[in-house]
Amino acid sequence: MGTKTMRAVRVHAFGGPEQLVYEEVPRPAAGPGEVLVRVHAAGVNPVDRYARQGFTVLPEPQRPQWPLPYVPGSDVSGVIVETGAGVTGWRAGDEVFGLVRFPGRSSAYAEYVVSPAGSLARKPAALGHAEAAAVPMAGLTAYQYLFEHVEVRAGDTVLVNGAAGGVGHFAVQLARTAGAGRVVAVASGRHETFLLGLGADRFLDYTRTPVEEAVRDVDVLIDAVGGPDGHRLLPVMRRGGRIGAVFPGEQLAELARLADSGGLRIAVEEVYPLAGAARAHARADRGHLQGKIVLAVAPA
């Protein structure tokens, strides 16, 4: 760490949103193969909240042991201000976005963050920093499930459960990009217009309609909700269908291309200042989001 300082949010004790403390900390410096990014926006992800709670969502033997205090956050959009030894693909002034050091401790809830040079892509020109910071983890998760894990094929019927959330709203759009014949979006009622506007062919309000009784012969199920009730969706599947249960570089560049071409819309539910990280987590804990929550760190 250098002698300069910056403002950041740190967790000193595991627990609720009140454990997120906005304070002055040492500013990092880029090492070999790294770049220093002036953070303009940082995305708020479920894993940030799980880490804040001490990963109590996992069985105790599987919980990562993160020394305290630490700075949360892995989704970032900003501008490179310094390059370390051996970095040739980036220079100061480049606008970038990326997923930094996930699943380890990555420290994006700060004015500056150090990232491996290979973890970043050029920020889409069509997106502001707040929108770009909403993309990396959720967008990559949706992309990898649809194109690598369950491999959506032309003509498939795809059902996305939790379709309005961070992963879900990307999955709806990417299913269409992959050639799905029919996309069924499942969420609460307030998201109907939003999801139909993203390209869903059918919307189901799970608070009014039992999904397992309303849909049949689904080829691909992307379940972005999970939990103990996930088995209830099994009746919607056709025999031989594929399930992607989404719970506990180059692909970023492809997402950037889709965003710049107008083929991918980014939904941001709400933007909070970095000093308001505790309020942002409290809102995220309540759930029922339309897209992502983002922390605004520096002026866009």
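T193 lies in helix α5, which spans residues 192–197. The structure is a predicted model. In this model T193 has a relative accessible area of 67%. The cut-off for exposed residues is over 50%. T193 is therefore classed as exposed. F203 stands ten residues from T193 in sequence. The C-alpha atoms of T193 and F203 are 8.9 Å apart in space.

Helix packing was examined next. Helix α3 covers residues 136–149, and helix α4 covers residues 166–177. The two helices pack at an angle of about 45 degrees. Their axes are 8 Å apart. Because of this angle, α3 is oblique to α4. The crossing of α3 past α4 is right-handed. On the α3 side, the contact is made by A138, G139, T141, A142, Y143, L146 and F147. On the α4 side, it is made by G166, V167, F170, A171, L174, A175 and T177. Sorted by class, the contact of α3 with α4 holds ten nonpolar and four polar residues. It has no charged residues.

Helix α3 also packs with helix α7, which spans residues 250–260. Here the angle is about 100 degrees, and the axes are 10 Å apart. An angle from 65 to 115 degrees counts as roughly perpendicular. So α3 is roughly perpendicular to α7. From α3, the contact draws on P136, G139, L140, Y143, Q144 and E148. From α7, it draws on Q251, L252, E254 and L255. The contact of α3 with α7 has five nonpolar residues, three polar residues and two charged residues. G139 and Y143 take part in the contact with α4, and G139 and Y143 also take part in the contact with α7.

The largest nonpolar core has 93 residues. Within this core, the residues with the most contacts are Y109, V172, L174, L195 and I222. L174 also belongs to the α4 side of the contact with α3. Strand β3, residues 34–44, supplies the largest share of this core, with seven residues. A second core is separate and has eleven residues. V184, V215, V236 and M237 are among them.

S115 is placed in strand β6, which runs over residues 112–116. Its relative accessibility is 0%. Buried means under 20%, so S115 counts as buried. With neighbours within four places in sequence left aside, S115 is in contact with G33, E34, V35, V100, R101 and L120.

Backbone geometry was considered next. Most residues other than glycine have a negative phi, and most peptide bonds are trans. A cis peptide bond joins L68 and P69. Omega at this bond is about -5 degrees. P69 is located in the loop between α1 (46–52) and β4 (75–83).

Positive phi values occur at E151 and D217. E151 is not a glycine, yet its phi is about 50 degrees. E151 is placed in the loop between α3 and β8 (157–161). The relative accessible area of E151 is 44%, so this residue is partly exposed. D217 is not a glycine either, and its phi is about 60 degrees. D217 sits in the loop between α6 (211–214) and β11 (218–223). With 52% relative accessibility, D217 counts as exposed.

G89 is found in the loop between β4 and β5 (95–99). With neighbours within four places in sequence left aside, G89 is in contact with D94 and R122. G89 and A138 are 49 residues apart in sequence. Their C-alpha atoms are 25 Å apart in space. A138 itself belongs to the α3 side of the contact with α4.

Q19 is found in the loop between β1 (5–11) and β2 (20–26). Leaving aside neighbours within four places in sequence, Q19 is in contact with R10, V11, H12, A13 and F14. R232 is 213 residues from Q19 in sequence. From C-alpha to C-alpha, Q19 and R232 are 36 Å apart in space.

Technical notes: Residues are numbered from 1 along each chain as its sequence is written. This is a predicted model: local features need pLDDT of at least 70, side-chain atom pairs count only at pLDDT 80 or more; totals for chains, interfaces and linings use all residues. Side-chain values use heavy atoms; hydrogens and water are left out. Axes are lines fitted to C-alpha atoms, for helices over the stretch in contact, and angles run from 0 to 180 degrees between N-to-C directions. Helices (H or I, at least four residues) and strands (E, at least two) are DSSP runs, numbered from the N terminus. Angles under 35 degrees count as roughly parallel, over 145 as roughly antiparallel, 65 to 115 as roughly perpendicular and the rest as oblique. A crossing is left-handed if the near helix is turned anticlockwise from the far one by less than a right angle, and right-handed if clockwise. Contact means heavy atoms within 4.5 Å. Ala, Val, Leu, Ile, Met, Phe, Trp, Tyr, Cys and Pro count as nonpolar, Asp, Glu, Lys and Arg as charged, and the others, Gly among them, as polar. A nonpolar core is a set of buried Ala, Val, Leu, Ile, Met, Phe, Trp, Tyr and Cys residues joined through side-chain atoms within 4.5 Å. Buried means under 20% relative accessible area, exposed over 50%, partly exposed in between (1.4 Å probe, protein chains only).
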